[in-house]
Amino acid sequence: MNATSLQPLIFWLLLLVGIAAPLLFPDYSNQLAVLWLMVIFALTWDILGGQMGYNSLGNIFFFGAGMYIAAVVQIGLFYDVGMYTSAGRTTHIVFTHAQYFTGFVLGLAAAGIGSALLALIIGWIVFGLRGPYFAIGTLGVAVAAAELMASWEWVGAASGISLPVFPGEPEFQKLFFYLLLFALAFVLLVFLRWLYATNFGLAVNAIRDDEEKAEAMGLHTRRYKRTALVIAAFFLGIAGAMFGNMIGFIEPRDIAFPTTTFNIFMVLMVLLGGKGTLWGPVVGAVIFHVIKEVTWTYFLGWQFIALGLLIVIIVVYFQQGVVGWLMERYPERFGIRVAPKEKEEPTVRMEIHLAPHSEGAE
Amino acid sequence: MDQIISNISILKAAPIFNLGLLIDGLLIGSIFALAAYGLALVWGVMNVKNLAQGDFIMIGGYLTWNLSRLGVEPLLGVPIAFVTLWCIGWIIYRAVVSKVIARDLFTSLLATFGIAIVIQQSLNLAFGPDTQSANADLPTWQFANGLITVTSTRLIGFVCAAILATTVILFMKNSRIGQAIRATAQDARAARVLGIDTEKVYAFTFSLNAAICGATGALVAMVWNVQPFMGTTYSIRLFVVVTAAGFGNLPGVIAAGFGMGVFEQFGGFILGAQYQQALIVLLLLIVLTVRQLQQLRERQAVQ
């Protein structure tokens, strides 16, 4: 029995736990919804950061973009957006059931597609950059977006937009958004499991290992890089739209483009769980979120100092992550053959990297 | 938009204003050039991109501000901040940077980002989020019927920055350890073969950089103001300066530092102060895109 043959079982178990959790702990359904959001963050970051070796510090851009696109679509279908944002603080605007749900569905779709389109454009700009330039460039994109949105009156500038209010019981609303975020995380996980096993996964890993060589072998590296970014952006955009509707109010600096919180959590969770593995980001997100929710309130103003120290400690001492460490410790369980033994069927489908990977090219 | 056009027309109508902005930009640019030299030094020698650079500056600034509150002359803050930051830099090198130096660049980037967050938040807890400034009570000179004002603190800042930069450059050129640093930057392995203790060189370089930042911070507190979260803006500025010039190119770094100061003065005047941060980030994106286009021309990638 090893981890590879356990995988289908784990997926079913996860589905069961995910659906049962809010029914068992209804008081915590919001925190649990955020947990799945964290899983989405970690998984989408790992597509580029772990599997492709492109460490982005600006993935939050697509999250915020999705949020704003969805808000504009949801409101713009029925009202004038500029009027809505300027009137929003004085009058209460009510959406009917039908208006809300058509707006919501179209908003989610527009957020996913719009973010993916933005990824095409951004990818054209940033993918010529390598290594740390890529990290700083993407961070610049996210910060620039936050500053731009904060000065754009049409979408409410720095004071933000209130989204349409959910027509229904608060209890039902919580469950509704929980299930949406869970479904998105689950679909993403299943999708990535399939994706990493295809030629696309291999190509992306080849780019991580040696981009020049991959190029020399005839891979269209730019095309693969752009596709990877589009996939990440699509899911992040939808997640942003869902999260924006869940909290009902969006604002550029702290909710839509939080470069020093969610943005950095993504990287931390992946490093904590194990970069470049399918389950690492999930494990990292769960550990990080649980620890954060339990301890955050005890720090009283020291949270961010603790966060900074945590970044330093994880980066310096524990970069292979939980799953990476387990693989190093018990390689047989993960279907990795350590020494040449008797002939077996080559059943290994996972691409695994044990040593911390270093970027030669700059 | 109207605001921008009217600001531009002011610049056209009174050309003497341009001169005033230019002088201010150059005086402030000297401070950027100094700190950017430190960043370029660490980048070139250790291949570490220090994202906590701006936050080292803020520590130096807060130190000077506290000293001035105690009645110490702010100018004395420059040497005090230099020495204190030297020690802090050495501790940070030993505790964190020495452990990530051999790893890939993203690791050191993240580690210094973590340090930056710790410094920002600690300053915020200790001194609160308000902007502070160490007033030196020095005269202001006016020229051309008051259209050009030169505050003497800015001039002193400029002179101090020039003296510091010259000292450091001469030190790097002539002293034994300076030669060792340059040798390590050229080829760390060869330097080790020839008997240079590269570990010591790295520790020295990082501490020197922190010390330069500390002195810069003291000047910033005198000339401008300090605030816990301003460090990030400085880091981005310095990154822009060094990326635009290339880290091996010392005259380029200094020129780009002056350019940054002038650009910011004019940009701030034309667009208004609230766009300052957006302007710097925009400049970063432009510089990175231009660099990328240059690289594209050199590489022949499969499209």
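The model I am reading is predicted, so local features need pLDDT of at least 70 and side-chain atom pairs count only at pLDDT 80 or more, while totals for chains, interfaces and linings use all residues. Residues are numbered from 1 along each chain as its sequence is written, and chains are lettered from A and ligands numbered from 1 in the order in which they are written.

**Entry: chain B overall**

I looked up the contacts in chain B with a separation of 6 or more, and found that residues 24 or more positions apart account for 78% of them. With helices (H or I, at least four residues) and strands (E, at least two) taken as DSSP runs numbered from the N terminus, I find 12 helices and two strands in chain B. Their order from the N terminus is α-α-α-α-α-β-β-α-α-α-α-α-α-α. The radius of gyration of chain B is 20 Å, close to the 19 Å that the globule rule gives for 303 residues, so chain B is as compact as a globular protein of that length; the radius is taken over C-alpha atoms, and the rule is 2.2 Å times the number of residues to the power 0.38. I also noted that 47% of the 303 residues of chain B count as buried, that is, with 20 or more other C-beta atoms, placed from the backbone, within 10 Å of their own.

**Entry: where chain B touches chain A**

I see 35 residues from chain B and 36 residues from chain A in the contact. On the side of chain B, the elements giving two or more residues are helix H4 (77–100), helix H5 (105–127) and helix H12 (276–298), and H5(B) gives the largest share, 14 residues.

**Entry: H3(B) against H9(B)**

I found that the axes of helix H3 (residues 53–69) of chain B and helix H9 (residues 198–223) of chain B come within 6 Å and cross at roughly 55 degrees, with axes fitted as lines to C-alpha atoms over the stretch in contact and angles running from 0 to 180 degrees between N-to-C directions. H3(B) and H9(B) are therefore oblique to each other, the class left after angles under 35 degrees (roughly parallel), over 145 (roughly antiparallel) and 65 to 115 (roughly perpendicular). Among the residues that meet are Phe56(B) and Trp65(B) in H3(B) and Cys213(B) and Met222(B) in H9(B).

Notes
Buried ≥ 20, exposed ≤ 12 C-beta atoms within 10 Å, placed from the backbone. Contact = placed C-beta atoms within 7 Å.
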